[in-house]
Structure formats: C-alpha cells, structure tokens
Amino acid sequence: MAAQMYVRIKRKNQTLFIYVEPNETVDALKQKIERIMKVSAADMRLYPELESTAHPMSDKETLEKLSIQPEQELALVFKKPGSDDFEDIKIITDAAGLTEEAEGDA
C-alpha cells in the first residue's frame, strides 16, 4: 500500500487539504473534491501549478506519474456557467484580498 499524503487544492480564496495516495488518479481526486464542493468532476480542472503556463492534469494519470509531491499546491478551476470555457486560475494570496491572477487558455 502506498503512503498516504495530502495535497492542497487552491481556488480563489479557498484551500482544501485532501488526503490522497500516489497511485490515485486525477479523476479519483476530482471525485473527492466533488463530494466537498458539490460541483461535478466533469466541470473542474486541476493544474499542477498555480500559474497560467501550467497544463491541466489528465484525469487518467496517477498522481505519482505526474510527480505530485506531499503538500503540493494544485490549482482548481471550474467551468463557467452556461459555457464550455473554464475559469482562469485566480488565487487570493493574502487577507487584503489581493490576487495573483493567471490567464488560462480555456
């Protein structure tokens, strides 16, 4: 059995701490997020970095194959309502509400 670890899932001003195993797929992680956030896994994307240059993580890949490390921060975005486009990565980094905004490429 692989060692359990946690990852930090960040979206806007929210951070989720979720326990995972390295052999879990991205889709399995999205299912855990779905149960917490009440948003369909199909309507979310995960990125291995908090920057716009990051590419979405493939649902079929394992966290280990993607080199996801314990305590790593992953960016979460949702599909925009009524659209096939996804939000840009936008993480609020301090209490004053200042943001680090990354322009995504949909």
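Predicted model: local features only at pLDDT ≥ 70, side-chain atom pairs only at ≥ 80, totals over all residues.

Me: In what order do the four strands of the open sheet lie?

Reply: Strands (E, at least two residues) and helices (H or I, at least four) are DSSP runs, numbered from the N terminus. Two strands pair if DSSP finds at least two bridges between them. Here the order is β2-β1-β4-β3, with mixed pairing. β2 and β3 are the edge strands, each pairing on one side only. On average, neighbouring strands are turned by 30° against each other, direction ignored.

Me: In which sense do β1 and β4 pair?

Reply: They pair in the parallel sense, over three bridges. Lys-10 stands opposite Ala-75 in β4.

Me: Which strands does α1 lie across?

Reply: Axes are lines fitted to C-alpha atoms, for helices over the stretch in contact (heavy atoms within 4.5 Å). Angles run from 0 to 180 degrees between N-to-C directions. α1 lies across β1, β2, β3 and β4, and runs at about 130° to β2.

Me: Which residues touch the most other members of the largest nonpolar core?

Reply: In soluble globular proteins, nonpolar side chains tend to be buried together. A nonpolar core is a set of buried Ala, Val, Leu, Ile, Met, Phe, Trp, Tyr and Cys residues joined through side-chain atoms within 4.5 Å. Buried means under 20% relative accessible area, exposed over 50%, partly exposed in between (1.4 Å probe, protein chains only). The largest core has 18 residues, and Ile-9, Leu-29, Ile-33 and Leu-46 touch the most other members. α1 gives the most to this core, with four residues. A second, separate core has seven residues, including Tyr-47 and Val-77.

Me: What does Ile-33 touch beyond its neighbours within four places in sequence?

Reply: Its contacts include Ile-9, Leu-16, Met-44 and Leu-76.

Me: Is Glu-24 buried or exposed?

Reply: Glu-24 is buried, because its relative accessible area is 15%. Glu-24 sits in the loop between β2 and α1. Among the residues it touches are Leu-29 and Lys-32.

Me: And where is Asp-27 found?

Reply: Asp-27 lies in helix α1. Asp-27 counts as partly exposed, because its relative accessibility is 29%.

Note on methods: Residues numbered from 1 in each chain as written. Heavy atoms only, no water.
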